[in-house]
Amino acid sequence: MQYLLSVITDRPGLATAEEDAAIDVFNDRLQTEGHWVFAGGLGVPDTATTVDNRGDEAIFTDGPFLESKEFLIGFWIIEAADLDVALKLAAEGSKACNRKVEVRPFL
């Protein structure tokens with residue numbers, strides 16, 4: 001089963017050099033153990049554009065769809081046998097990046 005591990009932060013700025021090194025080690029482990037599907041970092045919310053095309057014409061709005069103190073700064077998509085494995089990996093990822101991680105299964 002695949003899971004989305006969303007990295008959540010409440011502070012501006014990217015990872016420190018120590019956090020980057022720990023994330024690299026975690027990423028290598030995910031790849032070696034066959035859990036890796038994809039991962040990436042995201043720009044801060046100010047770089048977002050929200051698109052709403054539910055009406056007659058698309059509306060493009062600068063900024064995030066939701067104003068919040070916390071925001072998504074990165075993610076991993078992993079392959080895990082079950083939720084327990086995904087939660088264990090998320091805990092290790094949270095330690096590596098020094099941020100909260102939300103776990104959601106793909107349907």
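Reply: Strand E1 (residues 2-9) and strand E5 (residues 71-79) run antiparallel and are joined by eight bridges. Across this pair, leucine 5 stands opposite tryptophan 76 in E5. Strands here are DSSP runs of E with at least two residues, helices are runs of H or I with at least four, and both are numbered from the N terminus.

The model is predicted: local features need pLDDT of at least 70, side-chain atom pairs count only at pLDDT 80 or more, and totals for chains, interfaces and linings use all residues. Residues are numbered from 1 along each chain as its sequence is written, and side-chain values use heavy atoms, with hydrogens and water left out.

E1 and E5 belong to an open sheet of four strands, in the order E2-E5-E1-E6, with antiparallel pairing. Two strands pair if DSSP finds at least two bridges between them. Strand E2 (36-41) and strand E6 (100-105) are the edge strands, each pairing on one side only. From one strand to the next, the twist averages 20°.

Now the helices. H1 lies across E2 and E5, and runs at about 25° to E5. H2 lies across E1, E5 and E6, at about 155° to E6. Axes are lines fitted to C-alpha atoms, for helices over the stretch in contact; angles run from 0 to 180 degrees between N-to-C directions.

The helices also pack on each other. Helix H1 (residues 17-32) and helix H2 (residues 83-97) meet at an angle of about 155°, their axes 7 Å apart. H1 is therefore roughly antiparallel to H2. The cut-offs are under 35 degrees for roughly parallel, over 145 for roughly antiparallel, 65 to 115 for roughly perpendicular, and oblique for the rest.

From H1, Glu19, Ala22, Ile23, Phe26, Arg29 and Leu30 take part; they meet Lys88, Leu89, Glu92, Gly93, Ala96 and Cys97 in H2. The residues of this contact divide into seven nonpolar, one polar and four charged. Contact means heavy atoms within 4.5 Å. Ala, Val, Leu, Ile, Met, Phe, Trp, Tyr, Cys and Pro count as nonpolar, Asp, Glu, Lys and Arg as charged, and the others, Gly among them, as polar.

Last, the setting. The protein has two helices and six strands. From the N terminus on, its elements run β-α-β-β-β-β-α-β. Its C-alpha trace spans about 45 × 35 × 20 Å along the principal axes.
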